[in-house]
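Here are my notes on this model, as numbered points. Please read them with the structure open.

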Amino acid sequence: MESDSIALDAELGRLALVGDIEAHHDSELTDLISRYSDGHRHDLLLDLTAVTFLPSSIVGTLLRARMLAVRNGVTVTFTARAATVPKRVLEVCGIPHEVIL
């Protein structure tokens, strides 16, 4: 994880987050999601398989992104690795996601 920014691997339609995603990353993550979904106009795969920390404020950011995508008729797909923090958080919050083994 970089010191003050989100570590990522990204291309239009795919955003892979890495490491600890902290509450103070909220606005940066919101901007990145908008950029890589072209303003919530294209489907987005949000890869959380390498995330090690995911606070509730960031879960809210993810849900807002999903809501904006749905309004525009596109999808945001979350992926998480089995037996990880993001998988448990998504599951507990009832957020649909794909599990990567």
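1. A contact here means heavy atoms within 4.5 Å. Residues 24 or more positions apart account for 58% of the contacts with a separation of 6 or more in the protein.

2. On provenance: this is a predicted model, in which local features need pLDDT of at least 70, side-chain atom pairs count only at pLDDT 80 or more, and totals for chains, interfaces and linings use all residues. Numbering runs from 1 along each chain as its sequence is written, and side-chain values use heavy atoms, with hydrogens and water left out.

3. The protein has three helices and five strands. These are DSSP runs numbered from the N terminus: helices are H or I of at least four residues, strands are E of at least two. The order along the sequence is β-β-α-β-α-β-α-β. The radius of gyration is 12 Å, close to the 13 Å that the globule rule gives for 101 residues, so the protein is as compact as a globular protein of that length. That radius is taken over C-alpha atoms, and the rule is 2.2 Å times the number of residues to the power 0.38. The C-alpha trace spans about 30 × 30 × 20 Å along its principal axes.

4. Buried residues are 39% of the 101. Buried means under 20% relative accessible area, exposed over 50%, and partly exposed in between, with a 1.4 Å probe and protein chains only.

5. Which residues touch the most other members of the largest nonpolar core? They are Leu-15, Leu-46, Leu-48 and Leu-62, in a core of 25 residues. Such a core is a set of buried Ala, Val, Leu, Ile, Met, Phe, Trp, Tyr and Cys residues joined through side-chain atoms within 4.5 Å. Strands E2 (14-20), E3 (44-53) and E4 (76-81) and helices H1 (26-36), H2 (56-71) and H3 (85-92) each supply at least two residues of this core. H2 gives the most, with five.

6. Leu-62 deserves a look. Leaving out residues up to four places away in sequence, Leu-62 touches Leu-29, Ile-33, Leu-46, Leu-48, Leu-54 and Phe-78.

7. Gly-19 is in strand E2. Gly-19 counts as buried because its relative accessibility is 11%. Its C-alpha is 9.2 Å from that of Leu-54, 35 residues apart in sequence.

8. Two loop residues for backbone checks. His-40, between H1 and E3, has phi near 65°, positive in a residue other than glycine. His-40 counts as buried, at 11% relative accessibility. Ala-83, in the loop between E4 and H3, has a positive phi of about 60° although it is not a glycine. Ala-83 counts as exposed, at 68%.
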